[in-house]
Amino acid sequence: MGSYALFLIALFLCKFLAVAILDPLDFLALQSIRKSLHDLPGSNFFASWDFTSDPCNFAGVYCDSDKVIALNLGDPRAGSPGLTGRIDPAIGKLSALAELSIVPGRIYGSLPQSVSQLKDLRFLAISRNFISGDIPATLGQLRSLKTLDLSYNQLTGEIPRSIGTLPELTNVILCHNHLSGSVPPFLSQVLTRVDLKHNALTGSLAPDSLPPSLQSLSLAWNQLTGPVDRLLSRLDQLNYLDLSLNQFTGPIPSQLFSFPITNLQLERNLFTGSVQPADQVTISTIDLSHNRLWGQISPMLSTVQNLYLNNNRFNGQVPASFVDRLLSGSIQILYLQHNYLTGIEIKPTAEIPVSSSLCLQYNCMVPPVQTPCPLKAGNEKTRPTAQCNEWKG
């Protein structure tokens, strides 16, 4: 039976039952979408998609009058196998669509350019599938878009600069793809989350490339370079920051430690300079390991529960406040290995709580207490004297 014949049947039923009649273009678009997608074994999402009945009663289809306004494809319950197939370009015919999501599954092929025709689209989320190809630059035409989530796919190419011009954007989640090129500047003044981790992004970030409204920023596992101190100093609403495993350079701004952050991840970069917070730090986890930071360790960091300063160039004495908080169990992890520290005032008989971990090896001192260290710290207890003398000189 042809598409038009099915539509006539549905039209008759709708009249007979005195219900709203779905717009013909939306009806045909849903048929095309259904033909190009299939339930994976164990899923029966499309069981309700019987085109002799009202499509507004289909699973995942939400209507307002005669138009489809939301399309949530796939069983949303945890553990659902999801769908397979391609996204049909006919999706662009759903002219009133404001929300489009597809549950994790095995959707493959590219994101149709026709998605850019959905002028009312506010929410686009197709994550944990196998979408490939470039992100269409024409998505920059979706001026009402608030959330863009294409994470955990196989996307390649650059992040279109047009995405950064979207004025209403609040969430950009493009992590775990194969995206390259630079991070475009984002102009939205309501942007709260940017997650671009696990890609192949390069280049540096301009000081004004992200708005002060940002609350969560993850750029980890890329190849980004250059200083970020001027940029970070402006982002005083941040509560999560992960810049780890890049090649960022320059100092870490002292203001950063007073922001409402709960987790600060800056490890495995090329940050330099001293670390001098102005006040006692309330961030619970800070990882500055594997950088090129130097100078004495600030006592303002002794209030951090999990502190990773290992594999840097810190020198001098460990402040007494660290010892007090370590012995009281307030510090859970204190990793200071592979630095140039010269001492710590802790008795060899001191009992460190079993819930706390301290590692001091490979510094310019003999560790006064023997504590288990991570395997990656190696077996050498102290740094060679020649290296310590060279550092002093």
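Mentor: Before the sheet is discussed, a definition is needed: two strands pair if DSSP finds at least two bridges between them. Strands are DSSP runs of E with at least two residues, helices are runs of H or I with at least four residues, and both are numbered from the N terminus. The model is predicted, so local features need pLDDT of at least 70, side-chain atom pairs count only at pLDDT 80 or more, and totals for chains, interfaces and linings use all residues. Residues are numbered from 1 along each chain as its sequence is written, and side-chain values use heavy atoms, with hydrogens and water left out.

Trainee: What is the order of the strands in the open sheet of five strands?

Mentor: The order is E1-E4-E6-E8-E10, and the pairing is mixed. Strand E1 (37-39) and strand E10 (154-155) are at the edges because each has a single partner strand, which leaves one side of each without a neighbour in the sheet.

Trainee: How do you know that E8 and E10 pair?

Mentor: Strand E8 (residues 130-133) and E10 share two bridges, in the parallel sense, and the definition asks for at least two. Gly133 has Leu155 in E10 as its bridge partner. Helix H2 (residues 24-36) packs on this sheet and touches E1 and strand E4 (83-85), where contact means heavy atoms within 4.5 Å.

Trainee: Why is the link of Cys359 and Cys373 called a disulfide?

Mentor: Their sulfur atoms are 2.0 Å apart, and a disulfide is a pair of cysteine sulfur atoms within 2.5 Å. The torsion about the S-S bond is about 110 degrees, so this disulfide is right-handed. Cys359 lies in strand E27 (residues 357-359) and Cys373 in the loop between E27 and helix H5 (385-392), 14 residues apart.

Trainee: Why is the disulfide of Cys364 and Cys388 called left-handed?

Mentor: The torsion about its S-S bond is about -95 degrees, so the disulfide is left-handed. Cys364 is in the loop between E27 and H5 and Cys388 is in helix H5, so the pair ties together parts 24 residues apart in sequence.

Trainee: How many disulfides does a search of the whole structure find?

Mentor: The search finds three, including the one that joins Cys56 to Cys63, S to S 2.1 Å.

Methods. Axes fitted to C-alpha atoms, helices over the stretch in contact; angles between N-to-C directions.
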